Amino acid sequence: MVRRRKAKRTRRRKTFSLLNAAESFGYATILSQGIFRTNPVNFVLGDTDLSPSTTWTPEGVAGSSNVLGGTFLESVGGDQITLGDILKEPGYAFAVSSRRAMANAPAMAIQSIALGAGFRIMKRLLRAPLNNVNRNLVKPVLGAGVRI
């Protein structure tokens, strides 16, 4: 009888990289700024104050969308959409955020490409100093599971 092959095991990273975390937070900031007009922390912890001023329609929201800035004339309260706003007024929040996402998609794509390229170039240029700091400072202080 032929032996079955073992399934390939998935490998996980053994360390937590502070630079990778900063890059991920940068991507999250680009997306939340373009869609919700707030940063990721304020998206989770922000005030629930967004509501339509009158009877709103998706067409009215579509007509008032603008790229990365300005205000929507039909919103009362903050112009930022938070998690609480989504839970309170899901239809309105979805209409506004989907319109913003479509209007800001090109700008968000360019910012994401620039962020990724910048991190890649800086990691390559600073490889020797980062390795030195990881070896001599981070590993003795924070342990082997964390690196810059």
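In this predicted model, the lining of the largest pocket draws at least two residues from each of H1, H5 and helix H6 (127–142). Of the contributors to that lining, H6 gives the most, with 4 residues.

**The largest pocket**
- The space in the largest pocket amounts to about 170 Å³, and its lining includes Ser-17, Leu-19, Asn-20, Lys-123, Arg-124 and Leu-126.
- Also among the lining residues are Arg-127, Leu-130, Asn-131 and Asn-134, together with Arg-147 and Ile-148.
- Sorted by class, the residues of this lining comprise 4 nonpolar, 4 polar and 4 charged ones.

**The largest nonpolar core**
- The largest nonpolar core consists of 9 residues, namely Ile-30, Ile-35, Phe-36, Phe-43, Ile-81, Tyr-92, Ala-93, Val-96 and Met-108.
- Helix H1 (18–36) and helix H5 (90–125) each provide at least two residues of this core, and H5 gives the most, with 4 residues.
- Ile-35, a member of this core, is in contact with Ser-97, Arg-100, Ala-101 and Met-108 when its neighbours within four places in sequence are left aside.

**The chain as a whole**
- The chain contains 6 helices and 4 strands, which follow one another along the sequence in the pattern β-α-α-β-α-β-α-α-α-β.
- Of the 148 residues in the chain, 25% are buried, while the accessible surface comes to about 10,500 Å², with 62% of it belonging to carbon and sulfur atoms.
- Among contacts between residues at least 6 apart in sequence, 72% join residues that are at least 24 apart.

Conventions
Residues are numbered from 1 along each chain as its sequence is written. This is a predicted model: local features need pLDDT of at least 70, side-chain atom pairs count only at pLDDT 80 or more; totals for chains, interfaces and linings use all residues. Side-chain values use heavy atoms; hydrogens and water are left out. Buried means under 20% relative accessible area, exposed over 50%, partly exposed in between (1.4 Å probe, protein chains only). Contact means heavy atoms within 4.5 Å. Accessible areas come from the Shrake-Rupley method with a 1.4 Å probe; for residues, only the protein chains shown count as cover. A nonpolar core is a set of buried Ala, Val, Leu, Ile, Met, Phe, Trp, Tyr and Cys residues joined through side-chain atoms within 4.5 Å. On a 1 Å grid over the protein atoms alone, a cavity is a set of points where a 1.4 Å probe fits but cannot get out, and a pocket is an open set with protein on both sides within 12 Å along at least five of seven lines; lining residues have an atom within 4 Å of a point. Grid points are joined across faces, edges and corners, and a volume is the space filled by probe spheres set on the points. Ala, Val, Leu, Ile, Met, Phe, Trp, Tyr, Cys and Pro count as nonpolar, Asp, Glu, Lys and Arg as charged, and the others, Gly among them, as polar.
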